[in-house]
Amino acid sequence: MNILIVEDDSDMQKILKLYLQREGYQINSVSNGRDAIDFLIVNAVDIVLLDWMMPIKNGMETLKEIRQLNIPVKILMLTAKGENVDEAAGLTFGADDYLRKPFDIQILLLRIKKLCNSENLLRCNDIVLNPVTMEVMKGQDKVKLTKNEYELLKYFLANQNMILTREQLLNHIWGMDFEGDIRTVDTNIRRLRQKIGEEYIQTRIGMGYIMEKRHD
């Protein structure tokens, strides 16, 4: 999941970048709307955190231009403006959400997750699976998976922090009528680990496998 921070306050930029990277997001940042537009034209971004009050091109002007250019991105506006009319204006011109400063970082994280869920994305740290396009990304790199590897990853992402037995995985991915060896599960998980990283799917000896979110 790629997020662009558009914020002219360097301290705020650093704080946002720190917390969001801890959550596994890929972060880029610029300090004004003009640079934001230039970045979005040539880079794929999922969410823009857009400050309202900025030099050169403010947040509202930037918002309007992003929508005029039909750039496919979710926009969360951040502003010290507290009037309802300002919030209404931002939403009217295409913002997906609006958060007033000062805000609690946990609220911001929840708002971002809500925007992610609106696209039905499944995510664990820098692994993102889009069930609509069936694309899997690790950071900014696309991961090529077989059908069974994709279904395994999707099942793990949908059941994070739960131990899944080999029998559960076999029945869910290959079906109850599968006549092959249960070690098929181990083989496919080994291949999946090689593609997404060994650290994502952990073995619980005598129980099964688990995908746990890292807290670096």
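Start at the hairpin: select strands E6 and E7, which have two residues between them. Asn-125 sits in the turn, with a positive phi of about 55°. Strands here are DSSP runs of E with at least two residues, helices are runs of H or I with at least four, and both are numbered from the N terminus.

Before moving on, note that this is a predicted model, in which local features need pLDDT of at least 70, side-chain atom pairs count only at pLDDT 80 or more, and totals for chains, interfaces and linings use all residues. Residues are numbered from 1 along each chain as its sequence is written, and side-chain values use heavy atoms, with hydrogens and water left out.

**The sheet**

Stay on E6 (residues 122-124). It runs antiparallel to E7, joined by three bridges. Strands count as paired if DSSP finds at least two bridges between them. Pick Cys-124: Ile-127 in E7 stands opposite.

E7 and E8 pair antiparallel over four bridges. Val-128 has Met-137 in E8 as its bridge partner.

Lys-138 is partnered by Asp-141 in E9.

Show the four strands together: an open, antiparallel sheet in the order E6-E7-E8-E9. E6 and E9 (141-142) are the edges; each has a single partner strand, so one side of each lacks a neighbour in the sheet.

**Both faces of E7**

Which residues of E7 (residues 127-130) lie on each side? Ile-127 and Leu-129 are on one side, Val-128 and Asn-130 on the other, and all are buried. Buried means under 20% relative accessible area, exposed over 50%, and partly exposed in between (1.4 Å probe, protein chains only).

Next, select helix H6 (residues 147-158). H6 lies across E6, E7 and E8, at about 110° to E7. Axes are lines fitted to C-alpha atoms, for helices over the stretch in contact (heavy atoms within 4.5 Å). Angles run from 0 to 180 degrees between N-to-C directions.

**The aromatic pair**

Searching the whole structure gives one aromatic pair. Select Trp-52 and Tyr-98: the ring centres are 6.4 Å apart and the planes at 80°, so this is edge-to-face. Rings of Phe, Tyr and Trp (its six-membered ring) pair with centres within 6.5 Å; planes under 30 degrees apart are stacked, over 60 edge-to-face, the rest tilted. Both Trp-52 and Tyr-98 are buried.

**Last stop**

Go to Ala-44, in the loop between helix H2 (33-42) and E3. Ala-44 has 68% relative accessibility and counts as exposed. Its C-alpha is 8.8 Å from that of Gln-140, 96 residues apart along the chain.
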